[in-house]
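Hi there,

Here is the structure I promised to pass on to you. Have a look at it first, and then read on for what turned up in it.

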Amino acid sequence: MIRSLQDILVITDMDNTLLTPEAGIPQVNQDTIRLFCMLGGRFTIATGRTAVSAGRHLTSLPLSAPAILYGGGAIYDFEKHRWIQKFLLPVSVAKQAAMDVMAKFPGVGVEVMTEDGGICIVRANEYTYRHTVHEHLAYRMAPIETMSGGWHKVLFACSAETLQKIEAFLAERSYPGVYFIATNRNYFEIMPEGVTKGSALRFLCESLGIPRENTIAIGDYYNDIELMQTAGYAVAMGNAPLEVQHVACAVTGHCLDGGVAQVLYALIRKFS
């Protein structure tokens with residue numbers, strides 16, 4: 001039961017929810033997050049980004065709970081600078097799936113998020129270029145056959161039309177220990193089986209002693225649906241696809257209109 005802001009954990013997606021890579025976090029979101037946390041509310045993020053990529057936007061914001069990164073593949077405490085949980089792909093399986101896609105679709109861009117926190121581009125295209133430039137990401141380049149070490153996830157970057165073809169291609173094949181998910185209209189990812197933003201939220205609630213019914217999740221895309229279904233209350237962005245809006249309890253404003261701030265301010269008015 002929620003009696004005050006201190007009972008609440010708000011967890012929000014980043015891209016096209018809290019911010020856009022081009023415009024950053026709207027000032028109204030920044031101001032309202034600070035107010036929400038100052039009054040006792042707990043706030044954090046659930047994103048597919050790495051710690052470096054996410055952290056670049058969080059230097060001036062209070063996170064009062066550990067963050068979910070890599071789409072649920074890791075939980076990181078930015079305040080204490082320590083990893084709480086990590087999951088990795090079965091590399092041999094993920095590598096085979098990536099190589100199968102690269103052989104079938106010569107134009108697809110491929111990025112690997114590695115255990116050391118880095119990004120390796122194994123095939124560049126216009127979409128990997130936009131990804132790294134818009135988010136100011138450091139990366140290295142290497143053939144996928146020569147890569148060693150653990151992998152958090154693999155990202156395919158391509159047109160929406162090609163993405164649909166890749167999805168259909170992989171659906172006809174079996175790759176034990178992994179699953180595939182679209183994270184926006186141009187990105188399609190290989191993730192460890194059973195690892196999602198929703199599973200990470202369940203772990204986070206247990207470790208912090210927060211009832212899941214006291215959590216509020218905000219998202220904008222299909223990969224946020226399980227997070228939204230896991231939380232006690234779900235809010236979809238106004239810019240979310242209708243299928244995502246339909247699984248939410250409420251719909252807020254668009255990303256750059258401060259949709260996250262609207263949710264937080266409503267909670268402030270109700271519980272403080």
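Aspartate 13 touches Leu18, Ala46, Thr47, Lys197, Ile218, Gly219, Asp220 and Asp224, leaving out residues up to four places away in sequence; contact here means heavy atoms within 4.5 Å. With one of these residues, lysine 197, the side chain of aspartate 13 makes a polar contact of 3.0 Å. A polar contact is a pair of N or O atoms within 3.5 Å; within protein, one must be able to donate a hydrogen and the other to accept it, and residues adjacent in sequence count only if both atoms are side-chain atoms. You will find aspartate 13 in the loop between β1 and α1. Helices (H or I, at least four residues) and strands (E, at least two) are DSSP runs, numbered from the N terminus. Aspartate 13 counts as buried because its relative accessible area is 6%; buried means under 20%, exposed over 50%, and partly exposed in between, with a 1.4 Å probe and protein chains only. From aspartate 13 to methionine 99 there are 86 residues in sequence and 30 Å in space, C-alpha to C-alpha.

Before you go further, please keep in mind that this is a predicted model, where local features need pLDDT of at least 70, side-chain atom pairs count only at pLDDT 80 or more, and totals for chains, interfaces and linings use all residues. Residues are numbered from 1 along each chain as its sequence is written, and side-chain values use heavy atoms, with hydrogens and water left out.

The loop between β1 (9-12) and α1 also holds asparagine 16. Its phi is near 65 degrees, a positive value in a residue other than glycine. Most residues other than glycine have a negative phi. Asparagine 16 is partly exposed, at 31% relative accessible area. Histidine 81, also not a glycine, has a positive phi of about 55 degrees. Histidine 81 sits in the loop between β4 and β5 (82-86), and with a relative accessibility of 60% it is exposed.

Now for the inside. Which residues touch the most other members of the largest nonpolar core? They are Val10, Phe36, Phe43, Ile45, Leu69, Phe78 and Leu267, out of 41 residues in that core. A nonpolar core is a set of buried Ala, Val, Leu, Ile, Met, Phe, Trp, Tyr and Cys residues joined through side-chain atoms within 4.5 Å. Among the elements that give two or more residues to this core are α1 (27-38), β2 (42-45), β9 (151-157) and α9 (259-271). The largest share, six residues, comes from α9. Leucine 267 is in contact with Leu5, Ile8, Val10, Phe36, Ile216 and Ser272, setting aside neighbours within four places in sequence. Apart from this core lies another, of 29 residues, including Ala94, Met147, Phe188 and Tyr221. In soluble globular proteins, nonpolar side chains tend to be buried together.

Strand β9 also contains histidine 152. Is histidine 152 buried or exposed? Histidine 152 is buried, because its relative accessibility is 2%. A polar atom of its side chain lies 3.3 Å from the backbone oxygen of phenylalanine 87.

How many disulfides does a search of the whole structure find? The search finds zero, where a disulfide is a pair of cysteine sulfur atoms within 2.5 Å. For cysteine 120, the nearest cysteine sulfur is that of cysteine 158, 18 Å away. Cysteine 120 is buried at 1% relative accessible area, and cysteine 205 is buried at 3%.

Two more places are worth a look. Lysine 165, in helix α5 (residues 160-171), is partly exposed at 46% relative accessible area. Lysine 165 and phenylalanine 105 are 60 residues apart in sequence and 9.0 Å apart in space, C-alpha to C-alpha. Proline 106 lies in the loop between α3 (91-104) and β6 (109-114) and is exposed, with 62% relative accessible area. The C-alpha atoms of proline 106 and glutamate 79 are separated by 42 Å, with the two residues 27 apart along the chain.

Happy exploring!
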